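Dear colleague,

Here is the structure I promised to pass on to you. Please have a look at it first, and then read my notes below.

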Amino acid sequence: MLNTSQTVGHRSGATSSPASVRVPARRAETLLSEAKKRYDPNMPLTVNFRELTNGHASRSPRHSLYPYPARLFTHIPGLLLSSEELAPPGAVVLDPFCGSGTVCLEAISSNRESIGFDINPLATLIARVKTGDYEGSNIRNDAELVLRQTSEHFFSNPLPYWFTDKTPLHIQRINHSIIEAISGQTVHALQLALAGVVDRLACRDPLIPVPVRRRNCLPTEHQEEELRLLFLSAVDTVASKLEKLKTSSKAAILTLDATETRSYSEHPRPHLILTSRTADARHAWRIEARGGELAPVEPAAGATGTSVEVRELYFNT
């Protein structure tokens, strides 16, 4: 078990910062060799990557394209990809739970092809833009084209919990125009900019990084022209952070559950065992799920409380 110490928040890169300041390969090998010597299979290995890398980390502004929660520190893939033992030159880097694409971007920046899976469509949208090859001027020009052809389609409000006005109507019209008027990967960059507008205007608690709790907000009628200006501003921010990639390596980002890929589906699905006992019960109750099948509930031994046991979560990893 590897316990990574991440005590300081991720630092957003400025456009004037170097895209990547990597740990030298020889030092990476030395650091990993020392970590192996301290490894005990029965004990967690505590590693502070910020200290190990001594500040060597990617400062690409691409990493701050969208405020995705719980982003991986760039120090971690930066160090591991600097090791030719772990990632030989020309290797393909697979991240089956890629989130917003931190590992995939670091992989192609180190001239390695990359493949990323994630079940969250917002995560894979960010990852596609983060690892894509873009020209900022093209993104801005296409945004202007979208607004000249804004759809007049009627849409209902699919998110009444988060919006109290016609904001979703205007947003859906812009998104419809993006899909209808634009082709190629610029669609993803424009949709990511629009997602930033949604995140900004939604009535959600800004102190929680994921939208799980609503904040009290007065009904505000965001006019269509206001949203168009916010969209152009968001497009400009995205375009300015998509500095030219200095690599020919590519990343393939797929929206799917990693357990549904061929390499996983050939093996049993995770085995889940749930055991629970109330304070006044004579015994606990237990239920198992294996291979997608749910077994009957049955009596079991167990202390007061609930325990969850997961077996065969990963195969050969």
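Helix 4 (residues 102-109) lies across strand 3, strand 4 and strand 5, and runs at about 175° to strand 4. Please bear in mind that this is a predicted model, in which local features need pLDDT of at least 70 and side-chain atom pairs count only at pLDDT 80 or more, while totals for chains, interfaces and linings use all residues. Residues are numbered from 1 along each chain as its sequence is written, and side-chain values use heavy atoms, with hydrogens and water left out.

Helices (H or I, at least four residues) and strands (E, at least two) are DSSP runs, numbered from the N terminus; angles run from 0 to 180 degrees between the N-to-C directions of axes, which are lines fitted to C-alpha atoms, for helices over the stretch in contact, where contact means heavy atoms within 4.5 Å.

The three strands form an open sheet in the order 3-4-5 with parallel pairing, two strands being paired if DSSP finds at least two bridges between them. Strand 3 (93-95) and strand 5 (251-255) are the edge strands, each pairing on one side only. Strand 4 (residues 114-118) pairs with strand 5 over five bridges, and within this pair S114 stands opposite A251. Helix 5 (residues 121-131) also packs on the sheet, where it touches strand 4 and strand 5.

Buried here means under 20% relative accessible area, exposed over 50%, and partly exposed in between (1.4 Å probe, protein chains only). Leaving aside neighbours within four places in sequence, I139 is in contact with residues including Y134, L190 and V235.

Finally, the cysteines: what is the count of disulfides? With a disulfide taken as a pair of cysteine sulfur atoms within 2.5 Å, the count comes to zero. The sulfur of C104 is 5.0 Å from the closest cysteine sulfur, in C98, and is therefore too far for a bond. C98 counts as buried at 5% relative accessibility, and C104 is buried with a relative accessible area of 0%.
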